[in-house]
Each structure stands twice: as C-alpha cells, then as structure tokens.
Amino acid sequence: MPTMNPEPLWRPDPQRIAQAQVTKFQAWAAEQYAAPSEGGYPALHRWSVDELETFWTAVTEWFDVRFSTPYARVLGDRSMPGAQWFPGATLNYAEHALRAAATRPAQPALLYVDETHEPTPVTWSELRRQVGSLAAELRAIGVRPGDRISAYLPNIPQAVVALLATAAVGGVWTSCAPDFGARSVLDRFQQVEPVVLFTVDGYRYGGKEHDRRDVVAELRAELPTLRAVVHIPLLGTEPPQGALDWSVLTTADEEPVFEQVPFDHPLWVLYSSGTTGLPKAIVQSQGGILVEHLKQLGLHCDLGPKDRFFWYTSTGWMMWNFLVSGLLTGTTIVLYDGSPGFPDTGAQWRIAERTGATLYGTSAAYVMACRKAGVHPARDFDLSKVQCVATTGSPLPPDGFRWLHDEVRDDLWIASVSGGTDVCSCFAGAVPTLPVYTGELQAPGLGTDLQSWDPNGHPVIDEVGELVVTNPMPSMPVRFWNDPDGSRYHDSYFDTYPGIWRHGDWITVTSRGSVVIHGRSDSTLNRQGVRMGSADIYEVVERLPEIKESLVIGIEQPDGGYWMPLFVHLAPGAALDDALLGRIKQAIREQLSPRHVPDEVIEVPGVPHTLTGKRIEVPVKRLLQGTPLKKAVNPGSIDNLDLLHFYEDLARKRG
C-alpha cells in the first residue's frame, strides 16, 4: 500500500508545524507529563494510547476544563463497553462553549448564512444572553436535568441557542432536520419521550419555501410527553394554538445558570441511520463530548479564536453537533441553511469566501460533484483564507484529493476524516503537522488506538482488515436509549471481538501510519477470497462522465456461487450501450482487479440513500436476496422509497 503513493501530495511547511496547537501541546506535555519531546506526531500518538489516563489528564489541563468538583481518577473502569470516565467530576458543556463571551463579547460567535449567501453575525455576548434567557424559561416550565428536549429545526442560530440552553439546564438534546418526514422523526423522538419540542413553520431549500406545519401538528399529536412547543416563524407565520413564541422566550437579559452535572450525564441523543429497523438512539455524555471535541477541534483541526469554521451539514447529522462544538475552542462557526448546490454547484465555495472560512468541511460527494461539473473554486472565488478543506461522509477518492490540490491551491491542507455518529468524532483524519498522501487519511486520532484486524483478531499492516479501537474513547456512547440490559449496544460493536470496538469499516493501516478507508465491512465484496470495499469500485466507475452514481452489491448464492451486480444511474443523455459497458469493465479490470469486474451492469432510475446521504448497500442486498421490503429496510430512513421497488422487482424476476 505505501508504495502506491511514494511522494506526498502536500507537506506542511516548518512555520505551520511550529505554530500548530498540537506542536505546542506536545512540547508542554513533554515538560509536564513526560510525553516524548522528539519524534513528532507518531511519538505523541503512541504515548497517548500507551499512557491513556495521563494523556486525557493533559488534555483537560491544556484546555482548562473546569471541573466544579474534582474527579477521583481518569478511568474508573476501562472495560468496553462500560468504561467510566472521570468518576466524581461535575461540569457543564454549555459553560465551556460560551467562555469566549468573557474576553471577546463583541466578536461573532456565529455567522448565519441562508440561500442569499449574505452572512449575518451573532456576537458572543448576544449568544450568551439568549442562552441565559431561554435556559431560565425552560426551568420555569419545569424542565429538570435529564429531561429530553427535541428540535425539528434547520441549521439556524436558534438551534444552537436551544442546544446550549438545554445543556445549561442539564437537559438532553435531540434534533432532526425539517426535511425528515413525520414517521422518520417519530421513529426517533418517540423513543426518548421529549418534554419540549422546538419547531419551525417551514424551511427554504433550493429557492423554494417548504411549509412543515402539517408535520409539526402530527408530531405534537404523536408525542404525548410534550409539555411545551416552541414556534420559530422562519416563514413568518403565527404560532399555532398552544405554542410558545421563540422571541418571547429569548428577550430577557439573563446571565445563564449552568447546572453542574456528572461527567457521564447525557448531553444529547444521536441516531443511527436506521435502515434496517428503528434507529439506534445513541447517548453521549456532557464530559465525554467536551474533552473529545476539545482534542479533535483544538489539536487535530487546529482551531482557535482567530478561525472561522464552516461545515456543510444539517441538524440531522452528527457533523452539526461537531460544528457547534467549534465554540469550545473560541472559534466563530458558520451555519448554512439551504441547498448545497443553490443557485449553482459552486454555492459552498461562495459561502466559504463570504464568511472568511479558515476550515471548510464538506462531503466527499460534493467535491466529486464539483469536479464533474467543471467548477473552478480558486478561479471564481477568493479562497485565500481557507487553510484546510476537510471531507467526510464517505471516503474521498484519490481524484478528489488531486482536484482540490489543483483547483483550490497547491498549498492546501486536505483532511479526509472518518469516524461515526456512534462516537460523534473521528477515528482518523486531520493532523496539521503531517504530510497528506493521495487517497489516505493522515493518521489515527490522539488517544485512539485504531488498528486493522484480520478475522482472527490479529493486527495487520498494509493489508485490508476490520477497523477496531482497542481502548475506550470518552465520547463512546454511555448507552443506547431503551436498551436496559445493554444487549443492543454490545451487539452493535462488541460481538465480533469481545471487549474491542469493531466499527464495521474495512481499512488499511499503512506502514507509514496513514489510513485508507475501503467502505463498510458488512457490504464488502469478497470474490474468490479477495476482499474489496465498495468505495474502491465507486471511485473508478464514477470517473466516467456518463455515470452519475453507482451501487455495487455482492451476494452469496445458495449454490455457493457469488453474484455481483453493478447498478448505474446515468448522467442525462447517456446510454448504457456496449461501448460504455466495455469501458466500465475495462476500468475496473485494469485499475482494481479482474476478479471484481461485475457479473452484470444494470441501469437504475436512481441510487437510494439514507436521510443523511449515505448509499444503502445492505438493505438493497437483502432485497436482492428475497427479503420483503418491510423487513429489509425501515421506510422512514430512506430519501426515496420508490427507488427500492426497482430492486424488489428485480429480485422477483430473478427469483
């Protein structure tokens, strides 16, 4: 694997390395905690996993985490699942997120951008005031620590205020984006029984207004635990009967009161995509998220008070929670509410320009769409302030790295990162002091003992294996909601290798320490013992201009055979003729493996995704194996359910 890319695409210059927070942290930790002063990031990472408790002690001190009562030790119990972090400690996430208001009250904490692409600032003092006012009102209507607060909101400042006010009172936040249908929202919110619901009357997307008042009425009717509904008139309508008006709750000049809660007190509930059943309700803690995000955003993303942090996301994706945590490092965060491609494909680059973003995060799919559409970011926009472009959601193909390097800037830090909703963080990705190799994530994260394991549980280097984490991370779930005996939590990550987190991705850890992600291991293509990730196929096939998107499935046959169809959604005007078929097969044969040339190439009307934009491979595989649609997939988790009928019909015809 390392011989594929002998030369890096980018190296940080000595000045950037010297100024990086992780460099300063390492020098300080060497003095204070006997961390290695030489050997750069690889030595620091080795120390961080070998001396796990010392490392996390150093992180809390470096970032001045304010414990209102001290902890007895860093790890009371390090077994997984069930690791106990900082037992005895109390603190509050929102208190840390608003600290910059004391020193930079008039500076922007938030820059809000809608589809006009004109930024609107919210200062640190104004953000703190609104949080104080709303937290007092939540207490007045009886919200107590542990109560769940739900939100059906787009990526707007009110969502950030509501999350921080919830955390301030010790409530448990949970949110869905307003493009989710009622059934999808109820599948999530009914599990946690919220007492408050924040809603909008609708949202704007793609230049159109989308009225959601009927959905809100259905949510109110189906959530009997609600004690209050708060109306945010994004489209200018009056509050429905019995709802509270947002502006009334946020006008007081109140100093926020921060409930001091145990380290493992729930902060929020995130949800798995739920493609094959009810979404898993993943509970993460105030303290665990606080220290993990300080490490990730402060050391890995190198964010601080001078930065502006923009990630294209919605409130239904963990990256929104991650974006809000930019406030922990005193960073101005950019909230964009709208279509990623409105009025044109270059929209996100325009927002990065107009907000002065220093770290701009997006999806790998958006980068590849820009490449295919012939977007020229550096030619058309002033991106001189952008220091880093980060991508996630799926592996960024090598062509995506090269396109960013060529079309944005040759001195651009490209950070492909990979983690998961399950930990609301990254297992591997950005390191400001390391080189970037095409198609590779720079390194595993600090404190994260990331390894690639074979089926027998042995670590492998330069070979494809399962992504495992062999020591606990503070942001691992404290539990799943409605999982009293912990069996669903255990079965999700710990059933393959006891006591070891198995994430469900195929990866290669290279001998130079970088990481390559190959796609989900539960939909891996295994032809004659040669395993390949679906992402590798997509990268090659979707370079062809005729292919808009693709989906590849490998299916074990009852007779011991193996059927591997490739489904292609064609670009307008393209035809799946013999010439295109030949080029698809030739590309896979020559660039990947003759064994992974598909048995059939089938044109489809579209590729189905989860509501957070991920291709759904396993449910399609189940449909093709004859599983009825209702059992193969949770309908409320799919962006276009009609597309699945094609695969269902195909299975019936083949049956």
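1. Phe-25, Trp-28, Tyr-33, Trp-47, Phe-55, Trp-56, Trp-62, Phe-67, Tyr-71, Trp-85, Phe-86 and Phe-263 make up one aromatic cluster, where rings of Phe, Tyr and Trp (its six-membered ring) pair if their centres lie within 6.5 Å, and where planes under 30 degrees apart count as stacked, over 60 as edge-to-face and the rest as tilted. The model is a predicted one, in which local features need pLDDT of at least 70 and side-chain atom pairs count only at pLDDT 80 or more, while totals for chains, interfaces and linings use all residues. Residues are numbered from 1 along each chain as its sequence is written, and side-chain values use heavy atoms, with hydrogens and water left out.

2. Over the whole structure, the search finds 34 aromatic pairs. Among them, Phe-25 and Phe-55 form an edge-to-face pair, because their ring centres are 6.2 Å apart and their planes stand at 90 degrees. Phe-25 belongs to helix H2 (residues 21-33) and Phe-55 to helix H4 (residues 52-62), so this pair ties together parts that are 30 residues apart in sequence; helices (H or I, at least four residues) and strands (E, at least two) are DSSP runs, numbered from the N terminus. Phe-25 counts as buried at 0% relative accessibility, and Phe-55 counts as buried at 0% as well, where buried means under 20% relative accessible area, exposed over 50% and partly exposed in between (1.4 Å probe, protein chains only).

3. A further edge-to-face pair is formed by Phe-646 and Tyr-647, with 5.4 Å from centre to centre and 80 degrees between the planes. Is each of these two residues buried or partly exposed? Phe-646 is partly exposed, with a relative accessible area of 26%, whereas Tyr-647 is buried at 0%.

4. Two arginines deserve a look beside tyrosine rings. Arg-512 lies over the face of Tyr-437, at 3.7 Å from the ring centre, and the charged end of Arg-615 sits over the ring of Tyr-538, 3.8 Å from the centre of that ring. A charge sits over a ring if NZ of Lys or CZ of Arg is within 6 Å of the ring centre and within 35 degrees of the ring normal.

5. Strand S7 (residues 172-176) is mostly covered, with five of its five residues buried. In a regular strand the side chains alternate between the two faces of the sheet. Strand S6 (residues 148-152) runs parallel to S7 and is joined to it by five bridges, where two strands pair if DSSP finds at least two bridges between them. Within this pairing, Cys-176 of S7 is the bridge partner of Tyr-152. From S6 the chain crosses through helix H7 (residues 157-168) to S7 in a right-handed β-α-β crossover, which is to say that, with the strands pointing away from the viewer, the path from the first strand over the helix to the second runs clockwise.

6. An open sheet of three strands has the order S21-S22-S23, with antiparallel pairing. Strand S21 (418-420) and strand S23 (443-444) stand at its edges with a single partner strand each, so one side of each is left without a neighbour in the sheet. Strand S22 (residues 425-429) runs antiparallel to S23 and is joined to it by two bridges, and Gly-429 stands opposite Ala-443 in S23.

7. Strand S25 (residues 464-469) is also mostly covered, with five of its six residues buried. S25 pairs with strand S24 (residues 450-453) in the antiparallel sense over four bridges, and Leu-467 in S25 is the bridge partner of Ser-452. S25 pairs as well with strand S27 (residues 501-509), again in the antiparallel sense and over five bridges, and here Val-468 stands opposite Arg-502 in S27.

8. Which residues lie nearest the centre of the second largest pocket? Of the 22 residues that line this pocket, they are Arg-16, Gln-19, Asp-302, Asp-307 and Gln-387. Helix H1 (14-19) and H2 each supply at least two residues of the lining, and H1 gives the most, with three.

9. Arg-46 has its place in helix H3 (residues 40-50) and is partly exposed, with a relative accessible area of 41%. Between Arg-46 and Phe-180 there are 134 residues in sequence and 42 Å in space, C-alpha to C-alpha.

Methods
1 Å grid on protein atoms, 1.4 Å probe; cavity = no way out; pocket = protein on both sides within 12 Å on 5 of 7 lines; lining within 4 Å.
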